[in-house]
Amino acid sequence: MSAPHPQVSSTPWAIDIDHVGKVFTLDNGESLVAVDTVDLKIEKGEFVALLGPSGCGKSTILRLVAALEDPTTGRIAIENRDPLSLSRQHRLGVAFQDHALLPWLSVKNNIALPYKVAGRPVDHERIADLLGLVGLKGFENARPSQLSGGMRQRVSIARALILNPDVLLLDEPFGALDAVTRRHMNVELQRIWGEERITSLLVTHSVEEALFLADRVIVMSGRPGRVVKSIAVPFERPRRPEVQRTAEFHSLADELTLALEPEEAAAS
Amino acid sequence: MMKIDREKATDLVLGVLGIGLFLVLWEVIGAYRLAGLTWPKLSDVLAFLFEPSRQGLFLRAMGASFSMVAAGYVLGLVIGIAMAALVHVINPLRPGMDRFASVVNAIPPIALAPIFIVLLSREVTGMAIATLNVFFVIYVATTSGLQSSTRGHRDLFAVIGASKIRRFMSLDMPAAFPALVSGMKYAIPAAFIGAILGEWFGSSRGLGLLMVSAMQNFQIPLLWSAVLIASTASLLAFGAMSLLERFVYGRFR
Amino acid sequence: MSQSAQIRRSSGGFFLTLVSRYWGVLAVLLAWQAWVSISGVNAIVMPHPIDVLLNIVQNPGSYWQNGSQTLLLAAGGLVMGMALGTLIAVVAWTSRVLSGILIPLGLIFSSVPVVALIPVLARLLGYDVRTVLAIVVIISFFPAFVFTSAGLRALPPGSEDLFQVLGASKWRRFVHLVMPSAVPNWMIALRLAAPPAVLSAMVAEFLMGSSGLGYMFRAAATDFDTAQAFGTSVVATAISVLCFTAATLAETRVNQKWK
Ligand SMILES: Nc1ncnc2c1ncn2[C@@H]1O[C@H](COP(=O)(O)OP(=O)(O)OP(=O)(O)O)[C@@H](O)[C@H]1O
Ligand SMILES: [Mg+2]
């Protein structure tokens with residue numbers, strides 16, 4: 001477990017990823033550098049998207065922020081405190097890449113799980129609202145095994161939001177969705193986020209999704225992961241889907257795509 | 001690497017510690033008569049067991065019992081594999097065979113003893129019960145193993161136009177092998193149970209007979225010795241099969 | 001469609017499933033009948049099925065008394081053994097040292113022929129009905145302990161991370177994650193332990209000769225009352241199949257909900 005950091009210096013950042021590196025020791029004794037000195041500051045109420053090739057350490061960064069891994073070098077603070085204290089106070093919302101629903105609970109009870117774990121009374125009204133928000137009205141009593149992959153991910157997003165977390169971590173939450181549902185979910189997430197302005201870190205493979213949702217887009221290099229580009233997204237909120245058809249959106253998208261494919265850029 | 005090795009080492013130390021504690025407890029309970037006069041010290045049982053004048057008695061009993069165990073094991077293994085292969089090739093037979101196997105498993109062997117005594121003889125009843133027990137374990141393991149070849153591989157064989165027999169020989173059989181070996185491991189105690197039960201129903205030889213007559217005549221060290229021999233033999237065979245299982249899993253998966 | 005036609009149709013389907021599911025069992029019964037009729041063996045050696053049935057119908061009292069006693073001992077011992085095994089598995093789960101010590105011992109005991117412990121336990125605890133119960137408890141204990149222990153560690157993928165980010169206390173983690181995860185394995189243990197529970201109750205009664213189906217069987221065998229010996233076999237089989245089927249049904253029901 002990570003040791004508490006008693007003398008973290010006071011910073012204005014909601015999430016402070018301070019020169020963090022992560023090295024895994026593999027079963028055969030070799031070490032693998034998953035993340036190489038990433039330095040990233042996220043303001044309170046800011047929405048940051050993380051882009052990068054597969055295996056570059058995006059999920060690892062998210063897990064470090066969630067205190068599921070300890071950094072090998074550097075340190076992470078959330079509101080000037082150890083990230084572990086945030087999850088201990090049930091103030092962290094996470095949607096994992098592989099949904100992690102409990103197979104024996106119905107959709108409704110999966111979403112209610114954070115209440116039970118926190119020892120709070122279950123707010124059935126809020127569950128019903130969120131179910132509507134993620135488009136799963138009528139599936140309250142279904143089991144995860146009866147849902148499609150995309151539906152399971154939506155349950156997992158509703159579960160991440162249920163306790164009104166202070167920090168929201170999303171790991172490719174729409175990865176398993178078809179393009180149409182994905183765009184619809186993006187609009188919905190943008191709307192939900194606009195209401196509560198939760199400090200959020202989103203991992204995604206989609207340049208368009210990152211631009212549409214985030215205030216800032218970070219591009220990482222292939223392994224070992226390093227930040228190679230950071231772009232502030234200028235679009236006004238609330239954003240309408242039409243923004244994705246503007247010239248500015250397209251030119252930003254091209255810029256990000258180029259940053260994601262440095263080899264091709266160099267070749268051309 | 002370091003971390004995993006340390007975990008394994010801890011497991012090993014604790015496991016050995018547990019077995020050691022168990023043996024010490026056995027000795028202490030016997031020494032202080034904590035469980036009465038019918039719980040002998042471990043050292044007394046071992047001394048009784050290795051007393052030279054009794055070697056003949058134990059060796060004869062072991063010969064009789066273990067030959068029943070081995071014969072029942074091999075027969076059950078062959079029948080189990082054959083039936084599993086049969087219902088795999090002729091699929092409509094499968095529900096009936098499944099049901100038959102689970103009914104056979106649910107029947108208490110004691111209820112079958114009179115039939116075997118009439119049909120065969122008292123001496124081989126143990127073998128017959130062992131055969132049934134082993135058959136059940138092997139049948140269940142093999143049928144589920146035969147179904148474990150992946151969809152993709154099966155499609156591949158269909159695309160290259162392999163015959164059913166061909167697919168069975170070069171895809172389903174190797175895929176079933178790990179499950180079969182696991183079944184063979186769990187069939188070992190089942191075979192011992194069958195042989196011992198059979199001997200309780202009137203065999204004139206074997207470890208089972210020793211146990212019952214020692215129980216009735218208050219020959220406590222003899223009773224515990226016979227149980228210890230049967231348990232140790234089963235455990236050793238089980239351990240050997242576990243090693244084979246580990247090898248097979250490494251090779252076929 | 002008239003009601004009787006509906007019944008006739010469903011009973012036709014019923015017979016078809018019956019044949020497809022029970023052809024193995026039916027074949028054995030037919031072979032028995034055929035063998036008895038063709039070879040014409042002595043009724044003392046091998047009774048006719050009809051004599052066995054008659055014996056049961058003519059002695060309902062003793063079959064009922066002994067049968068219900070064995071069923072109660074087997075079912076009661078099974079439930080108590082499962083409870084004890086679960087309890088110890090949970091206790092072992094809380095401590096690395098305890099589980100490191102107990103789980104290998106549990107595995108060792110489940111790889112030896114446990115019925116061999118029956119004569120030892122009979123001598124230790126004395127010839128008594130309570131000893132029969134204790135034997136069933138001990139024999140049911142091992143699968144319950146081994147399977148529950150494994151189940152408590154077979155958590156769904158990602159769920160441990162989930163409970164950590166939700167800030168779950170150890171107790172809440174246990175109630176909402178660990179215990180429910182063990183349920184499928186627990187059902188497997190119940191199904192596996194059911195036939196041995198009936199068997200060990202009967203064998204204990206047989207060896208100690210006090211009362212119950214096992215004793216009845218032994219008395220009949222000593223008196224060369226083969227019809228009664230086969231009758232107890234039939235009743236014992238019915239009880240055992242009943243327990244096994246109940247456990248299997250429970251397992252299927254639970255798995256539908258749990259997986
Ligand atoms: N627990 C671990 N042990 C060893 N290596 C790990 C572990 N977790 C991640 N890695 C390695 O670290 C690297 C980064 O993994 P990570 O899951 O963070 O990538 P990612 O950017 O999320 O990829 P993707 O887009 O495919 O999800 C990979 O090479 C991975 O194999
Ligand atoms: Mg990832």
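**Entry 1: the magnesium ion**

I kept in mind that this model is predicted. I began with the magnesium ion, ligand 2, and asked which residues coordinate it. I found Ser59(A), through OG, and Gln97(A), through OE1, at 1.9 to 2.5 Å. Next I looked up where they sit in the chain. Ser59(A) belongs to helix α1 of chain A, residues 58–65. Gln97(A) lies in the loop between β5 (92–95) and α3 (107–118). The two are 38 residues apart, so the pair links distant parts of the chain. I then checked accessibility. Ser59(A) has a relative accessible area of 21%, so it is partly exposed. Gln97(A), at 41%, is partly exposed too.

**Entry 2: Arg88(A)**

I stayed in chain A and turned to Arg88(A). Helix α2, residues 83–88, holds it. Is Arg88(A) buried or exposed? Its relative accessibility is 56%, and exposed means over 50%, so Arg88(A) counts as exposed. I also noted its distance to Ala118(A).

**Entry 3: chain B as a whole**

How many helices and strands does chain B have? I recorded 10 helices and 0 strands. Its C-alpha trace spans about 70 × 60 × 30 Å along the principal axes. Chain B has 253 residues, and 46% of them count as buried. I looked at contacts between residues at least 6 apart in sequence; 72% of these join residues at least 24 apart. The chain exposes about 12500 Å², with 70% supplied by carbon and sulfur atoms. I noted 20 positive and 12 negative charges, whose mean positions are 7 Å apart.

**Entry 4: aromatic rings**

I searched the whole structure and got 18 aromatic pairs over all chains. One of them is Phe22(B) with Trp26(B). Why is this pair edge-to-face? The ring centres are 6.2 Å apart and the planes stand at 65°, so the pair is over the 60 degrees that edge-to-face needs. Both residues are in helix α1 of chain B, residues 2–31. Being 4 residues apart, they are separated by about one helical turn. Phe22(B) is partly exposed at 29%, whereas Trp26(B) is buried at 9%.

I then took up Phe206(C) and Phe217(C). This pair is tilted, with 6.0 Å between centres and 45° between planes. Phe206(C) is in helix α8 (170–208) and Phe217(C) in helix α9 (213–222). Phe206(C) is buried at 9%, and Phe217(C) is buried at 6%.

Last, I noted a cluster linked by ring pairs, with Phe22(B), Trp26(B) and Phe109(C) among its members.

Note on methods: Residues are numbered from 1 along each chain as its sequence is written. Chains are lettered from A and ligands numbered from 1 in the order in which they are written. This is a predicted model: local features need pLDDT of at least 70, side-chain atom pairs count only at pLDDT 80 or more; totals for chains, interfaces and linings use all residues. Side-chain values use heavy atoms; hydrogens and water are left out. Donors are N, O and S atoms within 2.8 Å of the metal (3.2 Å for Na, K and Ca); water is not among the atoms, so sites may look incomplete. Buried means under 20% relative accessible area, exposed over 50%, partly exposed in between (1.4 Å probe, protein chains only). Contact means heavy atoms within 4.5 Å. Accessible areas come from the Shrake-Rupley method with a 1.4 Å probe; for residues, only the protein chains shown count as cover. Lys and Arg count as positive and Asp and Glu as negative; His and the chain ends are not counted. The place of a charge is taken as NZ of Lys, CZ of Arg, CG of Asp or CD of Glu. Rings of Phe, Tyr and Trp (its six-membered ring) pair if their centres lie within 6.5 Å; planes under 30 degrees apart count as stacked, over 60 as edge-to-face and the rest as tilted.
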